[in-house]
Amino acid sequence: METPAKIELQHVHFAYEDHEVLHDINLRIPPNQIFVLFGPAGSGKSTLLRLLNRLTDFSPEETHLQGKVLLDGQDIFAPDVDVTRLRQRAGMVFAKPVPLPLSIRDNITYGLTLGGRRDRSTLDETVERSLHAAALWDEVKDRLDDPGMALSGGQQQRLCLARTLALQPEVVLLDEPTSGLDPISTLQVEEALFQLRESVTFIVVPHSVQQAARVADRAAFLLMGELVEEGPADVLFTRPKDKRTEDYVTGRFG
Amino acid sequence: MTTASASKEPSRAVVNWREFAVEQIVRLLGLSAIALVALIFAFLLKEGAATLQEVPLSNLAGTRWYPTFGYFGLVPLVMGSLLVTVGAVLISVPLGVGVAIYLGEIAPEPLRDVLKPTIEVIAGIPSVVLGFIGVLAFSPLIRQYLGAPTGLTAITGSVLLAYMALPTIISIAEDAMDAVPKSYRDAAYALGATEWQTIWRVVLPSARSGILIAIMLGVGRAIGETMTVMMVTGNAARIPTSLDAFLRPARTMTATIAAEMGEVAQGSTHYHVLFMVGITLFVLTFLINAFAAVALFRSERRGGGRLLS
């Protein structure tokens, strides 16, 4: 057996009311690399991502889950799971940057203070470390008390990444993190991911196949809620086994 | 711009006098709204200004309101209004925002569908009816359980005013929270916030400009309200000196004007002073609204209150 999977999905079926979004997904995501989930719109990528830190709990519709989602071999939907702790271990960055209506500094420390951390020097240290990690420190170090909203779109998204990293997550889920960004900001976000992939498992839903190919270590192709193919990026994007993957990657549909 | 002027060309050629007439009428109506406000203020000034010649300032700034004996101290009236209003705010704001949170964030759908219309019905109760309920049902309770010498006290007025302001505060505050994008909540949840932490630290701050407006509208209603206050506050013009004052009668500016205007000889000093009270009320309301506007403007400039980036 290879290295133990960080995240594993076993026969996962997921439905909103009676509309099944994910059909029988089996997936092993190894630790400390960039794992890309790609496919056309409506394939269930975002749902799969939201399942991994149980944001699906807040769906206004009724949801049905079958199968198992394991983080380090532990079922995250088991009744004794501490959901807050789970969301700290598996953080999330969204498509639209959502700085909270707070200062840059408070945005970063928000997650920590929720957990009751008040110690100023630890918090300051975290702010600096997280902003460095998200490649934003140099741009904002002199104005940490400005509102997060005052930053540009690209900076906001890196702020959101820094905010997630502040909790020292093991897994970071990114849902089209660069869809609203210009190419330079996109590059900066991608660089930040590359810098960190030694120590964090990134699961990325990219906003284009090109980005998928650019950042992925491994990738999985989802189509209409079905996992078509999964494998190392160099194989998946150059010599896919499945005809559908090849057609999508080469742009014949999608 | 070009398309607009191009489409206007033919209509002007036909000399559409109807168009012109309608435009002028609408303009007149619009201007008349402004003129009315200006006239009201001018009228207040005209009737009230004589006060300054007839009554020395030291008397107006005095602590006694006995018009029959020539004491026209406005201080107890202003304090009375403030006392009752502050009490109403202290009661209605936490209650109103709390109910809004419950309605918007916590209550299950079917319950909300019953609660919302019910609350809106409260807004339709005429204030004299509320005053009636206050006198008969509520003030005995105050006397019995809070140890006040009489049931007609400032706090009685505050509670009833709070009740009147509640529907406004609740429905506007709830709308404001409803307008906070789902993405904010998701972001907070994804950082491990619980439902309550999300409401308290993300939803409420994001909605604060709307909530502030809700509170201001509620306060505006409370400070200008007359009938209920006149019926239940006991109308004794005294200066509050301690917290105890909530359990004593108070006399507000509005109640004073309403109660005395009918009795007073037109053109007398007392008559002029009552207009002075009106001017004071006008200025006070204006100041409160101005403060709210400034606070709102500040919080928006800091980027804190903005809903969408």
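A:Lys6, A:Asp72, A:Arg89 and A:Glu170 are linked in a network of salt bridges, a salt bridge being a side-chain nitrogen of Lys or Arg within 4 Å of a carboxyl oxygen of Asp or Glu. This is a predicted model, in which local features need pLDDT of at least 70 and side-chain atom pairs count only at pLDDT 80 or more, while totals for chains, interfaces and linings use all residues. Residues are numbered from 1 along each chain as its sequence is written, chains are lettered from A and ligands numbered from 1 in the order in which they are written, and side-chain values use heavy atoms, with hydrogens and water left out.

Colleague: Which residue of chain A meets B:Asp186 in a salt bridge?

Modeller: B:Asp186 lies in helix 8 (residues 182–190) of chain B and its partner in helix 1 (residues 45–52) of chain A, so the pair joins two chains; helices are DSSP runs of H or I with at least four residues, strands are runs of E with at least two, and both are numbered from the N terminus. Both residues are buried, which means under 20% relative accessible area, where exposed is over 50% and partly exposed lies in between (1.4 Å probe, protein chains only). With N and O 3.0 Å apart, the partner is A:Arg50.

Colleague: Is A:Arg158 buried or exposed?

Modeller: A:Arg158 forms a salt bridge with A:Glu139, with the closest N and O atoms 2.9 Å apart. The pair ties together parts that are 19 residues apart in sequence, because A:Glu139 lies in helix 5 (residues 137–140) and A:Arg158 in helix 6 (residues 153–165) of chain A. A:Glu139 counts as partly exposed at 33% relative accessibility, whereas A:Arg158, with a relative accessible area of 1%, is buried.

Colleague: Which helix gives the most to the lining of the largest cavity?

Modeller: A cavity is a set of points, on a 1 Å grid over the protein atoms alone, where a 1.4 Å probe fits but cannot get out, and its lining residues have an atom within 4 Å of a point. The lining includes B:Ser81, B:Val84 and B:Thr85, and at least two lining residues come from each of helix 4 (75–106) and helix 10 (208–224) of chain B. With three residues, the one that gives the most is helix 4 of chain B.

Colleague: What is the volume of the largest cavity?

Modeller: Grid points are joined across faces, edges and corners, and a volume is the space filled by probe spheres set on the points. The count comes to one cavity of 30 Å³ or more, and the largest cavity has a volume of about 40 Å³.

Notes
1 Å grid on protein atoms, 1.4 Å probe; cavity = no way out; pocket = protein on both sides within 12 Å on 5 of 7 lines; lining within 4 Å.
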